[in-house]
Amino acid sequence: MNKISAVIIGASGYTGAELLRLLLVHPHVEIKALVADSNAGKEITDIYPHFAVTKLPKLLKLDEVDFKGIDVAFCCLPHATSQKIIKSLPKTVKVIDLAADFRIQDIALYEKWYGEHFAKDIQPEAVYGLTEIHREKIKKARIVACPGCYPTSILLPLLPLVAANAIDKDEIIADSKSGVTGAGRSLKQHLLFTEANEGVSAYSVTGHRHSAEVVEQLGTNFTFVPHLIPMNRGIISTIYVKLKTDLATARKALEDKYKNEPFVKVLANGAIPATHSVRGTNYCLINIFEGQKPGNATIVSVIDNLNKGSSGQAVQNMNIMFNLPETTGLLETAIFP
Ligand SMILES: NC(=O)c1ccc[n+]([C@@H]2O[C@H](COP(=O)([O-])OP(=O)(O)OC[C@H]3O[C@@H](n4cnc5c(N)ncnc54)[C@H](OP(=O)(O)O)[C@@H]3O)[C@@H](O)[C@H]2O)c1
């Protein structure tokens, strides 16, 4: 088969670099162009020397790219920038967006958290790219909006439980912790080594914008508090729920949903998911435990924010959009230790 011609827009950032790492070993993809902004004109190896073993195109400005013959553009851009750039791309190009811009169908809800939306006209074309839930719609979509990293770790365990009516959806508390790459590569004071290392901090305690997409997908409000922890990659979400069934029935709902899924695994009873087990992979590991209060349960879910939480899920969605086996290029095991 002809290779899929791909452009990575935002290739100099963390998710762009992870996408490049994944696509370079994908048997059906050819990288046609790498796009950046302040880093345009540089070689990608000037920023990431680990790509030195491969011959790659220079980083370009977007207007230097010829989109003739391009099949797919991965947009690894800050939110708001993403929608303006996607609106300007030829309609013949399929788009896989990693930013928040097209994740939320309710524009008022989007604007409450992110500010004005400048591409409302193409928003209805976008499908929420949580693969295991929206696979059929992703197959036919031109624009796929990959979920946020925190939402991926929260929605994968919760949606099957809500669908099975196994939990009270109005009593959900998610406590999530992310590694520092979750905030991207641009300079921010709180991400300096001295500020982030050897400490853990909660942030956005009264409300975080990632809750908007979770609320839309779950159809209810919930409590969500994110934390920054001093590791490079990984997210762990510990989720407290009130059961409407017994624990075994809730566990079975999760096991039934994911028994044939290549990337989402419900661990054996009692096994505790840890971020080390998913580092560098497209896996989400989940478990559900008896809660400390009668009638409650505690769920633990882990992903790699740069992989299942962004670039890995983006490749999984590309495989679906181009009728390839969904696991193509993605079946690696975790980097451990
Ligand atoms: N990091 C994560 O774990 C994660 C997970 C899920 C989703 N996301 C989302 O994915 C997106 C990218 O995140 P990231 O962490 O990769 O960010 P990042 O490291 O800050 O990278 C941003 C990239 O966008 C480029 N860029 C900015 N403005 C541009 C423009 N006008 N034209 C072309 N390129 C432009 C930057 O280029 P220069 O380097 O040249 O300035 C850089 O390559 C964000 O929307 C983020 O919310 C991130």
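The ligand sits in the largest pocket. Here a pocket is an open set of points on a 1 Å grid over the protein atoms alone, where a 1.4 Å probe fits and protein lies on both sides within 12 Å along at least five of seven lines. Sitting in it requires more than half of the molecule's atoms within 2 Å of its grid points.

This is a predicted model: local features need pLDDT of at least 70, side-chain atom pairs count only at pLDDT 80 or more, and totals for chains, interfaces and linings use all residues. Residues are numbered from 1 along each chain, and side-chain values use heavy atoms, without hydrogens and water.

Domain 1 (4-147 + 308-321) and domain 2 (149-304) both give residues to the shell, so the ligand lies between them. The domain bounds come from an automatic or database assignment. There are 29 residues around the ligand; Ser12, Thr15, Asp37, Asn39 and Leu77 come nearest. A residue counts as near with a heavy atom within 4 Å. The shell has 11 nonpolar, 15 polar and three charged residues, with Gly classed as polar.

| Residue (backbone N or O atom) | Distance to a ligand oxygen atom |
|---|---|
| Gly10 | 3.2 Å |
| Asn39 | 2.7 Å |
| Arg185 | 2.8 Å |

The protein covers 83% of the 910 Å² of accessible area that the ligand has on its own (Shrake-Rupley, 1.4 Å probe).

Elsewhere, a cis peptide bond joins Phe336 and Pro337, with omega about 5°. Glu198, a residue other than glycine, has a positive phi near 55°.

Notes:
A polar contact is a pair of N or O atoms within 3.5 Å; within protein, one must be able to donate a hydrogen and the other to accept it, and residues adjacent in sequence count only if both atoms are side-chain atoms. On a 1 Å grid over the protein atoms alone, a cavity is a set of points where a 1.4 Å probe fits but cannot get out, and a pocket is an open set with protein on both sides within 12 Å along at least five of seven lines; lining residues have an atom within 4 Å of a point.
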